Amino acid sequence: MVATASAGLRLPAREIHPARIGPNAILQLVPVLEETGGAALRDRLLKQAGIATLPTGEGMIPQEPAARLHQALREELGPRAADLATEAGSRTADYILAHRIPPTAQSLLRMMPRPLAAHALARAIGKHAWTFAGSGAFRVRDRWHFSLAHNPIVAGERSDAPLCHWHAAVFARLYQRLVDPNVVCRETTCCAMGSPACRFELQA
């Protein structure tokens, strides 16, 4: 017979690990803040987000500080925040291209017919979604459509318009560099609008 807690056995407490996200959610936004508002804006938003030390970039980080920084950006700058988040997302994609996707793989994607390249890139994005989705549930609906349920970057926010400009910019830049330079990415629904998932549509 297996002993249970109700029979008096003390079971070890389950170890709970915080949800994690890639450090570029912070690291690529910080220089954009500096270029826009100098050290004053950078330091003010980092303080609001409770970030005393920047990530090293060598590993995944807890998602909460990244989410707080993006939310502080939107609260502080309002409509202007979209442009800064878009720039940070583009720089995140540039980092991925420079450090995470081998040049041979990039060359192969560029040589493929557009539908095949989009399919291969979408699969790769889905496979590595843990780097940008955090605790959210990412889904590749097809090669041109993604969804992210329970997106932690907008958790608790309410908006009449989509807020996930950082994610959209990452997807757009990757597709522009590897599939078609004319691709744009549009967020059609957002968790902040009350939708069960943020949905992204890519088209050229």
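Me: Which residue forms a salt bridge with arginine 91, and how far apart are the closest N and O atoms?
Reply: In this predicted model, a side-chain nitrogen of Lys or Arg has to lie within 4 Å of a carboxyl oxygen of Asp or Glu for the pair to count as a salt bridge. The closest N and O atoms of arginine 91 and its partner are 2.6 Å apart, and that partner is glutamate 35.

Me: How many residues apart in sequence are the parts that arginine 91 and glutamate 35 tie together?
Reply: Glutamate 35 is exposed, with a relative accessible area of 55%, whereas arginine 91 is partly exposed at 21%. Because arginine 91 belongs to helix α4 and glutamate 35 to helix α2, the pair ties together parts of the chain whose separation in sequence is 56 residues.

Me: What are the elements that the buried residues of α4 pack against?
Reply: Helix α4 covers residues 81-99, and its 27 Å reach from first C-alpha to last is close to the 27 Å expected at 1.5 Å a residue. Its buried residues include Ala81, Leu84, Ala88 and Leu97. The elements against which these buried residues of α4 pack are α1, α2, α3, α5 and α8.

Me: Which helix holds arginine 44, and which holds glutamate 76?
Reply: The side chains of glutamate 76 and arginine 44 meet in a salt bridge, at 2.9 Å from N to O. This pair links distant parts of the chain, 32 residues apart, with arginine 44 in helix α2 and glutamate 76 in helix α3.

Me: How many salt bridges does the structure hold?
Reply: Side chains of opposite charge can pair when their charged atoms come close. Some of the charged residues here are linked in a network of salt bridges, namely Glu34, Arg42 and Asp43. For the structure as a whole, the number of salt bridges is nine.

Me: What percentage of the 204 residues in the protein chain is buried?
Reply: The protein chain contains eight helices and six strands, and it exposes about 11300 Å², of which carbon and sulfur atoms supply 55%. Among its 204 residues, the buried ones make up 43%.

Methods. Residues numbered from 1 in each chain as written. Predicted model: local features only at pLDDT ≥ 70, side-chain atom pairs only at ≥ 80, totals over all residues. Heavy atoms only, no water. Helix = DSSP H or I, 4+ residues; strand = E, 2+ residues; numbered from the N terminus. Buried < 20%, exposed > 50% of the residue type's maximum accessible area, 1.4 Å probe, protein only. Areas by Shrake-Rupley, 256 points an atom, 1.4 Å probe, with all protein chains shown as cover. Expected span 1.5 Å × (residues − 1). Contact = heavy atoms within 4.5 Å.
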